[in-house]
Amino acid sequence: MTSGTPGNPGTPGNPDGTEAPAEASAGGGRKRPATVTTDTARPEGGGRAAPGDASAPARQWPLLTVLTLAGTGLLVVGTDPFPQAFRVGAMLIGAALLVGAVMRRVLPSVGMLAVRSRFTDMITYGVMGGLIVLLALMVQPGPWLKIPFLEEILHLTVT
C-alpha cells in the first residue's frame, strides 16, 4: 500500500509519497513508519551572549571567562611557582567550573558554554567543580580540610 496517490501526496512524515520501512510497535502487529532525525535542537541559552555585531570573543565571553580561569589553574599547577601551587591551581580549576554553573543559572544566554539543557549544565558544572575544590582541599600532605569519617574509611581499607 503506497500513500502517494494523486489526491494524497504522502503522509506528514513522508511527503514524497514513497513507502517508509516500518517497525513493529510494542503493542502488537501494528506498524508505523520510521522517523528520521534531520537536525539537532539548540541548547537552552545557546545563543550569543552579546549582539551579533560584536567581535567573536565578545560574543563568547562566558566561555572565555571559564577557560581563562581553568587555564590559569593549569598554568599554576604546571609551573609550580610556590609550595602549595598544586592545591591552589586545582582550586582555580574547580572554581572555574563553579563560575560556569553560576553563569549558566543567572545569564539568559551564555553562548557556547551551553552544552545541554540549563538544568543539566548547572548540575554537571556544579558537581564537578565542587568535587575538584573538595579534593584540592583534602590533598595530602597537610590537607587544609579534614573529614573524619573519610579518614576512618581510608584506614579501614588500607589496614
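This is a predicted model: local features need pLDDT of at least 70, side-chain atom pairs count only at pLDDT 80 or more; totals for chains, interfaces and linings use all residues.
Residues are numbered from 1 along each chain as its sequence is written, and side-chain values use heavy atoms, with hydrogens and water left out.

The protein chain contains 5 helices and 2 strands, where helices (H or I, at least four residues) and strands (E, at least two) are DSSP runs numbered from the N terminus. Along the sequence these elements follow the pattern β-β-α-α-α-α-α. The chain has 159 residues, of which 23% count as buried; buried stands for under 20% relative accessible area, exposed for over 50%, and partly exposed for values in between, with a 1.4 Å probe and protein chains only. Among the contacts in the chain with a separation of 6 or more, 49% come from residues 24 or more positions apart, a contact being heavy atoms within 4.5 Å.

Helix H2 covers residues 61–79. Pro 62, Leu 63, Val 66, Gly 73 and Val 76 are the buried residues of H2. Viewed down the axis of H2, these residues fall within an arc of 165 degrees, so they line one face of the helix; the arc is taken from the directions that run from the helix axis to the C-beta atoms. On the face of H2 turned away from this buried side are the exposed residues Leu 67, Leu 75 and Gly 78. Helix H3 (85–106) is included in what covers the buried residues of H2.

The loop between H2 and H3 contains Asp 80. Just after H2, this residue takes a positive phi of about 50 degrees, although Asp 80 is not a glycine. Most residues other than glycine have a negative phi. With 48% relative accessibility, Asp 80 counts as partly exposed.

Two packed helices are described by the angle between their axes and the distance between the axes. The axes are lines fitted to C-alpha atoms, for helices over the stretch in contact, and the angles run from 0 to 180 degrees between N-to-C directions. H2 and H3 pack at about 170 degrees, with axes 7 Å apart. This makes H2 roughly antiparallel to H3; that class holds angles over 145 degrees, while those under 35 are roughly parallel, 65 to 115 roughly perpendicular and the rest oblique. Residues making the contact include Trp 61, Pro 62, Val 66 and Leu 69 of H2, and Phe 86, Ile 93, Val 99 and Met 103 of H3.

H3 has 22 residues and reaches 31 Å from its first C-alpha to its last, close to the expected 32 Å. Its buried residues are Ala 85, Arg 87, Gly 89, Ala 90, Gly 94, Ala 96, Gly 100, Ala 101, Met 103 and Arg 104, and they pack against H2 and H4. Ala 85, located in H3, is buried, with a relative accessible area of 0%. Leaving aside residues up to four places away in sequence, Ala 85 touches Val 76, Val 77 and Asp 80. The C-alpha atoms of Ala 85 and Leu 75, 10 residues apart along the chain, are separated by 9.6 Å.

The second pair consists of H3 and H4 (residues 118–138), which pack at an angle of about 160 degrees with their axes 8 Å apart. H3 is thus roughly antiparallel to H4. In H4, 21 residues reach 30 Å from first C-alpha to last, close to the 30 Å expected. Arg 118, Asp 121, Tyr 125, Gly 129, Val 133 and Ala 136 are buried in H4. Seen down the axis of H4, these buried residues fall within an arc of 70 degrees, so they line one face of the helix. H3 is included in what covers them. The face of H4 turned away from its buried side carries the exposed residues Phe 119 and Leu 135.

Notes: The expected span of a helix is 1.5 Å times one less than its number of residues.
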